[in-house]
Amino acid sequence: MKKQKYLLFILLILIISCNAAPSSKENNTIKNIVISFIEFKNRQTRIDAQKNIIIASAQIDEFNKDNYWIDLHFINPGLLLNFKYSKIYEIEGYKLIMSEELNKSYLLKNSFKEVPYENLNKAKFPFTYSTDNFHITLNSKDEIIEISPQEKFGAIKSILEKKGQKFTKNYLD
């Protein structure tokens, strides 16, 4: 009986250790990507953190199930209508909300500091416009495979490299 408890204890420790290791690595990867997005956008035009929020989403890549993508957008809450979210996070002074309907959203939740909830759906009627976003695809090792938009990937890659982000060996410039 004592031996069974000891083996159960060891098994429990192993399970906890295995589950804890990847999440901290993923947290830094996601956080670095979002900070790089903020830096990149602020190089173009200063984005006021009091007037704009970040919308983040993450999902498994439909073409390669070992990969996942992250999509980031800045938006003024005055243009946001019926966006479903339950929590608000903060990074670099910006509020961040996420689409919790996508299958990799849990990666985002563990990466940021939660702040008090408020309704950010401030629009009175639907409005669409073209956004300038980051769309980054990563493999299961959290190495970047692809950066979009393609016409700006050089500047985006440079910022990510300075933050220590790894790229796949097959990454093409």
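Let me start with a question: which backbone nitrogen does the side chain of Asn121 reach at 3.2 Å? It is the backbone nitrogen of Asn82. I'll come back to that pair. First, the overview.

This is a predicted model. The average pLDDT of the protein is 80. Of the residues, 80% score at least 70. Two stretches need care. Over residues 6-12 the pLDDT stays under 50, and the model has zero contacts there beyond four places in sequence. Residues 17-26 are also below 50 in pLDDT, and that stretch has five contacts beyond near neighbours in sequence. Please keep both in mind when you look at helix H1, which covers residues 2-44.

Now the layout. The protein has three helices and seven strands. Reading from the N terminus, the order is α-β-β-β-β-α-β-β-β-α. There are 173 residues, and 40% of them count as buried. Take the contacts with a separation of 6 or more: residues 24 or more positions apart make up 64% of them. The exposed surface comes to about 10700 Å², with carbon and sulfur atoms supplying 54%.

Next, strand S4. S4 spans residues 94-98, and four of its five residues are buried. What does S4 pair with? Strand S1, residues 53-60, runs parallel to S4, joined by four bridges. Strand S3, residues 88-91, pairs with S4 in the antiparallel sense, over three bridges. Look at Leu96 in S4. Ile54 has Leu96 as its bridge partner. Tyr89 has Leu96 as its bridge partner in S4 too.

S3 and S4 form a hairpin with two residues between the strands. Glu92 sits in that loop. Glu92 is not a glycine, yet its phi is positive, about 55°. Buried or exposed, then, for Glu92? Exposed, because its relative accessible area is 52%, and the cut-off for exposed is over 50%.

On to the core. The largest nonpolar core has 33 residues. Which of them touch the most other members? Ile54, Leu72 and Leu96. Helix H1 gives the most to this core, with seven residues. A second, separate core has eight residues, among them Ile55, Ile75, Tyr85 and Ile97.

Stay with Ile54 for a moment. Leave out residues up to four places away in sequence. Ile54 then touches Val34, Phe37 and Ile38, among others. Its list of contacts also includes Leu72, His73 and Phe74.

Tyr94 takes us to a polar residue, Asn42. Asn42 is in helix H1. The side chains of Asn42 and Tyr94 are joined by a polar contact of 3.1 Å. Beyond neighbours within four places in sequence, Asn42 is in contact with Ile47 and Tyr94. Why does Asn42 count as buried? Because its relative accessible area is 19%, and buried means under 20%.

Now back to where we began. Asn121 lies in the loop between strand S5, residues 113-115, and strand S6, residues 134-138. Asn121 has a relative accessible area of 19%, so it counts as buried. Its side chain reaches the backbone nitrogen of Asn82 at 3.2 Å. The side chain of Asn121 also reaches the backbone nitrogen of Phe83, at 2.8 Å. What else does Asn121 touch, not counting residues up to four places away in sequence? The list includes Pro77, Leu80, Leu81 and Tyr85.

And the partner, Asn82? Asn82 lies in the loop between strand S2, residues 68-75, and S3. Asn82 has a phi near 60°, a positive value in a residue other than glycine. Asn82 counts as exposed, at 63% relative accessibility.

To recap: S4 pairs with S1 and with S3. Ile54, Leu72 and Leu96 touch the most other members of the largest nonpolar core. Asn121 reaches the backbone nitrogens of Asn82 and Phe83. Over to you for questions.

Methods. Residues are numbered from 1 along each chain as its sequence is written. Side-chain values use heavy atoms; hydrogens and water are left out. pLDDT is the predictor's confidence in each residue, from 0 to 100. Contact means heavy atoms within 4.5 Å. Buried means under 20% relative accessible area, exposed over 50%, partly exposed in between (1.4 Å probe, protein chains only). Two strands pair if DSSP finds at least two bridges between them. Accessible areas come from the Shrake-Rupley method with a 1.4 Å probe; for residues, only the protein chains shown count as cover. A nonpolar core is a set of buried Ala, Val, Leu, Ile, Met, Phe, Trp, Tyr and Cys residues joined through side-chain atoms within 4.5 Å. A polar contact is a pair of N or O atoms within 3.5 Å; within protein, one must be able to donate a hydrogen and the other to accept it, and residues adjacent in sequence count only if both atoms are side-chain atoms.
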